[in-house]
Amino acid sequence: ILPGGACDAESTFATFMADYEIFLDEFGGAAPVAETPLSRAISGLQSDDAELYLRRRSTGESLCLEISARPLRDGCGGLFGAMCVFRDITGRKRAERERARLAAVVQSSSDAIISGTPNGAIATFNPGAERLFGYTAEQAIGRNFSILEPPDESGEIARMVRQCFEQRSSVYYETRRLRKDGRIFDADAIDSPIYDERGREIGF
């Protein structure tokens with residue numbers, strides 16, 4: 001993009017904004033043209049991985065773009081244009097918001113919600129689990145799930161996790177569990193498999 005004339009930043013954005021509203025953040029902070037990566041690049045400033053949020057005026061559809069822009073200079077250092085690279089990261093931002101929402105649900109739940117690695121180590125331990133079992137998250141994470149089993153139930157969690165992976169679905173069962181202070185209590189348990197985007201088992 002060359003500075004000046006019909007292709008300068010102001011005219012380019014005036015045309016673009018006939019279709020889209022542009023924001024600096026997802027909460028609707030308006031984006032002055034002078035603060036966008038393209039305008040900064042034409043002014044001689046570089047932007048790396050800047051985010052802009054767009055909303056199509058006609059449909060209300062929202063997009064998020066990651067933009068890198070840099071000025072183009074000739075052999076004498078004179079500014080003669082700008083280069084912009086746009087990446088659509090709408091899906092990634094949506095997934096990040098969903099993960100944050102789910103994490104908030106887990107953290108605020110009164111139920112004990114624990115995740116584990118394929119080898120049986122505790123990976124996450126929410127406040128509900130801390131209250132129920134008596135361990136802090138710091139004390140529990142990294143240790144084997146067997147610390148939560150009474151001696152006569154040893155190996156049950158590993159067996160049920162294998163079953164949920166074999167069935168590729170959640171397994172519900174009634175059991176007993178062991179607190180840090182040695183007390184045993186009756187519990188309802190649900191073990192669910194966790195897969196990555198390729199369908200590989202990564203935990204439970």
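Q: Which residues of α6 are buried?
A: In this predicted model, the buried residues of α6 are Glu-156, Ile-157, Met-160, Val-161, Cys-164 and Phe-165. Buried means under 20% relative accessible area, exposed over 50% and partly exposed in between, with a 1.4 Å probe and protein chains only. Helices (H or I, at least four residues) and strands (E, at least two) are DSSP runs, numbered from the N terminus.

Q: Where do they fall, seen down the axis of α6?
A: They fall within an arc of 165°, so they line one face of the helix. The arc is that of the directions from the helix axis to the C-beta atoms.

Q: Which strands do the buried residues of α6 pack against?
A: They pack against β7, β8, β9 (194-195) and β10 (201-203), contact meaning heavy atoms within 4.5 Å.

Q: What follows α6?
A: Arg-168 follows α6, and its phi is positive, near 55°.

Q: Turning to the cores, how many residues does the largest nonpolar core have?
A: The largest nonpolar core has 21 residues, and those with the most contacts inside it are Ile-122, Phe-125, Phe-133, Tyr-135 and Leu-148. Such a core is a set of buried Ala, Val, Leu, Ile, Met, Phe, Trp, Tyr and Cys residues joined through side-chain atoms within 4.5 Å.

Q: Which element gives the largest share of this core?
A: That is α6, with five residues.

Q: And what does Leu-148 touch?
A: Leaving aside residues up to four places away in sequence, Leu-148 touches Ile-114, Ile-122, Phe-125, Phe-133, Tyr-135, Arg-177 and Leu-178.

Q: Now the open sheet: what is its strand order?
A: The four strands have the order β1-β2-β3-β4, with antiparallel pairing. Two strands pair if DSSP finds at least two bridges between them.

Q: Which strands stand at the edges?
A: β1 (20-23) and β4 (79-88) do; each has a single partner strand, so one side of each is left without a neighbour in the sheet.

Q: How many bridges join β3 and β4?
A: β3 (residues 62-73) pairs with β4 over nine bridges, in the antiparallel sense. Within β4, Arg-87 is the bridge partner of Glu-66.

Q: What lies across β2, β3 and β4?
A: Helix α3 (residues 90-108) does, running at about 130° to β3. Axes are lines fitted to C-alpha atoms, for helices over the stretch in contact, and angles run from 0 to 180 degrees between N-to-C directions.

Q: Which conventions apply?
A: Residues are numbered from 1 along each chain as its sequence is written, and side-chain values use heavy atoms, leaving out hydrogens and water. Local features need pLDDT of at least 70 and side-chain atom pairs count only at pLDDT 80 or more, while totals for chains, interfaces and linings use all residues.
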